[in-house]
Amino acid sequence: MTKSANTMWGGRFAAGPDAIMEAINASIGYDRRLAPQDIAGSRAHAAMLAATGIISDSDAEAIREGLLTVLSEIETGEFPFSTALEDIHMNVEARLRDLIGEPAGRLHTARSRNDQVAVDFRLWVRDQCDQADEALAALQKALLGQAEAGADWVMPGFTHLQTAQPVTWGHHMLAYVEMFARDRSRFADARKRMNVSPLGCAALAGTSFPIDRDMTAHALGFDAPMANSLDAVADRDFALEFLASASICAMHLSRLAEELVIWSSAQFRFVKMSDKWSTGSSIMPQKRNPDAAELIRAKIGRIFGANVALMTVMKGLPLTYSKDMQEDKEQTFDAADNLILAVAAMTGMVADMTANREALKTAAASGFSTATDLADWLVRALGLPFRDAHHVTGSLVAMAESKGCDLPDLTLEDMQTVHEGITQDVFDVLGVENSVASRTSYGGTAPSQVRAQIAGWKEVLK
């Protein structure tokens with residue numbers, strides 16, 4: 001047991017914690033990354049204390065200058081972090097006292113570590129929403145570049161990973177542009193809801209000092225102060241919403257990563273990944289492994305895990321603050337870091353990959369991909385009910401399978417043995433280019449629709 005008390009706890013404790021308690025209690029090993037937010041919050045608080053006459057202007061100026069020195073020391077790696085001081089808040093305050101003396105002790109007037117950490121963490125998560133939005137916009141632009149290059153390139157569309165109908169490469173790329181747009185909207189929505197300030201709620205009940213919470217809220221870029229001091233201290237919804245949004249975004253990244261892994265295989269050859277985003281084998285010289293895509297696919301588990309972990313931490317906590325909530329940051333930091341890394345890696349892969357137009361076209365024409373076009377023609381040209389047309393088409397697919405050919409390779413006589421009303425005009429709809437060109441409904445895969453969507457997204461993303 002150590003002999004010296006932690007002075008930040010005051011006179012309540014006669015002896016400091018032993019090494020194990022210090023280890024489990026300290027968070028400075030990871031919450032030091034909140035230093036810019038902590039100092040921004042403290043500067044806003046000190047300015048407000050002076051404006052309301054709670055502390056003198058000279059003390060506020062000394063605090064401001066001292067905090068700028070602390071920030072500079074942290075940024076240059078000269079700051080003496082101490083595990084014994086537990087967290088970033090106590091480390092900053094102790095160093096401030098070393099630098100300016102007595103005025104440092106007035107900074108914590110009308111404030112608690114409870115509202116201090118709440119505002120620091122909220123500011124940090126708000127910044128992560130902005131970074132995610134910026135990174136996802138870059139990924140959308142990379143996907144849009146691919147879509148524009150192959151707006152009319154045919155490829156197979158899949159259901160159950162089985163060839164379904166021909167689509168265009170541009171249409172497939174735009175599907176992910178839409179997905180990541182929803183992710184951006186989720187981060188923006190979460191950011192809007194979290195943009196209220198807990199600063200000034202103190203430990204849990206507010207304060208008797210005549211503070212101006214609107215002043216500190218606006219100084220820190222918040223829309224307003226939070227309306228209930230208990231909720232302000234207890235709330236971690238902002239981190240949970242960020243993690244939930246990150247988890248959905250990560251799922252989208254993983255789906256795209258999975259497609260890149262499949263498409264870059266020798267069996268598909270739909271895309272070639274650049275050397276920047278591939279690795280070789282230590283024993284098989286022919287290998288080009290899509291490691292970046294695979295690592296993105298794997299890192300998603302860490303983001304999902306962080307979401308579940310923080311939900312689990314928070315689920316049984318009474319109002320307001322419990323030490324359990326110290327476990328809110330490390331998981332969120334890790335998830336945010338891995339999300340931004342995954343988005344950046346995906347952006348690089350998408351921008352650099354080369355689609356194999358011929359392989360895409362060959363695959364699009366296989367697997368009876370124009371069967372639905374044939375059924376639609378039977379409805380339009382012969383007036384068959386769709387269910388009857390579906391049955392006729394199924395019989396023709398079975399015939400083609402037995403002959404070892406595709407639908408366009410059947411003769412007219414072959415087709416007329418199934419339905420005598422079929423005419424030569426049917427062959428106009430059986431080519432894959434004809435198939436995709438006909439899908440002109442809004443949101444369809446026709447090149448005309450794809451180019452219109454590309455033009456719209458260019459306006460949004462410019």
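Predicted model: local features only at pLDDT ≥ 70, side-chain atom pairs only at ≥ 80, totals over all residues.

**Notes on helices, packing and backbone**

1. Helix H3 is followed by Gly53, whose phi is positive, near 80 degrees.

2. H3 itself covers residues 35-51.

3. Of the 17 residues of H3, 12 are buried, so the helix is largely enclosed by the rest of the structure. The buried set consists of Ala35, Gln37, Asp38, Ile39, Gly41, Ser42, Ala44, His45, Ala46, Met48, Leu49 and Ala50. The cover over these residues includes helix H2 (28-31), helix H4 (57-75), helix H5 (88-100), H6 and helix H8 (213-219).

4. Two packed helices are described by the angle between their axes and the distance between the axes. For H3 and H6, the angle is about 125 degrees and the axes are 9 Å apart. An angle of that value makes H3 oblique to H6. H3 passes H6 in a right-handed crossing. On the H3 side the contact is made by Gln37, Asp38 and Ser42, and on the H6 side by Gln116, Asp120, Leu123, Trp124 and Asp127. Sorted by class, the residues of this contact are two nonpolar, three polar and three charged.

5. Leu144 also belongs to helix H6, which comprises residues 113-149. With a relative accessible area of 7%, Leu144 is buried, because buried means under 20%. Apart from neighbours within four places in sequence, Leu144 is in contact with Leu174, Val177, Ile454, Trp457, Lys458 and Leu461. Arg32, by comparison, is 112 residues from Leu144 in sequence, and their C-alpha atoms are 39 Å apart in space.

6. How do the axes of helix H7 (residues 169-194) and H10 cross? They come within 8 Å and cross at roughly 165 degrees. H7 is therefore roughly antiparallel to H10. The crossing in which H7 passes H10 is left-handed. The residues of the contact comprise 16 nonpolar, three polar and seven charged.

7. H10 also packs with H12, their axes coming within 10 Å and crossing at roughly 30 degrees. This angle makes H10 roughly parallel to H12. The crossing of H10 and H12 is left-handed. From H10, the residues Ala239, Phe242, Leu243, Ala246, Cys249, Ala250, Leu253, Leu256, Ala257 and Leu260 meet Thr332, Ala335, Ala336, Leu339, Ala342, Val343, Met346, Met349 and Val350 of H12. This contact of H10 with H12 has 18 nonpolar residues, one polar residue and no charged residues.

8. Ile296, which lies in helix H11, is buried, with a relative accessible area of 3%. Once neighbours within four places in sequence are left aside, Ile296 is in contact with Leu253, Ala257, Ala342, Ala345, Met346 and Met349. Ile296 and Met346 are 50 residues apart in sequence, while their C-alpha atoms are 7.8 Å apart in space.

9. Thr320 lies in the loop between H11 and H12.

10. Leu161, a residue other than glycine, has a positive phi, near 60 degrees. Leu161 is placed in the loop between strand E1 (154-159) and strand E2 (162-168). Is Leu161 buried or exposed? At 52% relative accessibility, Leu161 counts as exposed.

11. Ala202 likewise has a positive phi in a residue other than glycine, with a value near 55 degrees. Ala202 is found in the loop between strand E3 (196-197) and H8. At 8% relative accessibility, Ala202 counts as buried.

Key. Residues numbered from 1 in each chain as written. Heavy atoms only, no water. Axes fitted to C-alpha atoms, helices over the stretch in contact; angles between N-to-C directions. Helix = DSSP H or I, 4+ residues; strand = E, 2+ residues; numbered from the N terminus. Parallel < 35°, antiparallel > 145°, perpendicular 65-115°, else oblique. Left-handed = near helix turned anticlockwise from the far one by under 90°. Nonpolar A, V, L, I, M, F, W, Y, C, P; charged D, E, K, R; others polar. Buried < 20%, exposed > 50% of the residue type's maximum accessible area, 1.4 Å probe, protein only. Contact = heavy atoms within 4.5 Å.
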